[in-house]
Amino acid sequence: MCFPLSIQLRENRFINTDVRERREGENPKMEWKKQGKGGKLTVQDITLIGLMVAILEVCKAALSFLPNVELVSFWIILFTIFFRKKIFFAIPAFVLIEGLLYGFGMWWFSYLYVWPLLSVISYFFRKQESVWFWSILSSGFGLFFGFLCAISYVIVGVADSGWQGGLHAGFTWWVAGIKMDIIHAVGNFALMMVLYNPVRRVMEKMSRNYET
């Protein structure tokens, strides 16, 4: 109900803009383009965001049989490089779907800040093109993934038994999973090394006609 209404309002605004610009002798397409660049999502943006979310979900499910081997880190980095701020719309949708599919446990609350953090770091270094740089960054993210997730346990522990109890709970949880974090780091490094260059070339060709 809300989406068609949103489209109708945009169509009405376009018609009004078209009439005003025809009176002023201007190009009616210029204002429409400016609106798309003014922070408002276009149909093309929504389609792109949906595609990013679908790729994240499909790739995560495809490798779910391998412990701590995932392509989510890889795709978030690549999507951030090429589509920049649009990824910040895709990540919340991805996290919400994860919660709906697998439940809203402690791990889910960690997702609320872990994946956006990776995207922010990638955005800051988006001009880097070295496969080694991105492989090391992705690997480091995998290595500290458990540490970052442990923050949620610290917060819950502090609320329940004070700072000492919270820090102990987070530290214990993190140490118990260090072996899995090492697997995560190795997997991220290998996947980035193998996939970065070929996928980047394909995305460069596909994104030439898309304005970020």
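Visitor: Why is the crossing in which α3 passes α5 called right-handed?

Guide: A crossing is right-handed if the near helix is turned clockwise from the far one by less than a right angle, and left-handed if anticlockwise. α3 passes α5 in the right-handed sense. The model is predicted, with pLDDT of at least 70 needed for local features and 80 or more for side-chain atom pairs, whereas totals for chains, interfaces and linings use all residues. Residues are numbered from 1 along each chain as its sequence is written, and side-chain values use heavy atoms, without hydrogens and water.

Visitor: What makes α3 and α5 oblique to each other?

Guide: Helix α3 (residues 43-62) packs against helix α5 (residues 87-102) at about 45 degrees, and their axes lie 9 Å apart. Oblique angles are those left once under 35 degrees (roughly parallel), over 145 (roughly antiparallel) and 65 to 115 (roughly perpendicular) are set aside. The pair α3 and α5 is therefore oblique.

Visitor: Which residues make the contact between α3 and α5?

Guide: From α3 come I49, M52, V53, L56, E57 and K60. On the α5 side stand I87, F89, A90, A93, F94, I97, E98, L101 and Y102. Contact requires heavy atoms within 4.5 Å.

Visitor: How do α4 and α9 pack?

Guide: Helix α4 (residues 72-83) and helix α9 (residues 178-206) meet at an angle of about 35 degrees, their axes being 9 Å apart. The crossing of α4 past α9 is right-handed. In α4, the residues in contact include W75, L78 and F82; in α9, H184, M192 and R200 are among them.

Key:
Axes are lines fitted to C-alpha atoms, for helices over the stretch in contact, and angles run from 0 to 180 degrees between N-to-C directions. Helices (H or I, at least four residues) and strands (E, at least two) are DSSP runs, numbered from the N terminus.
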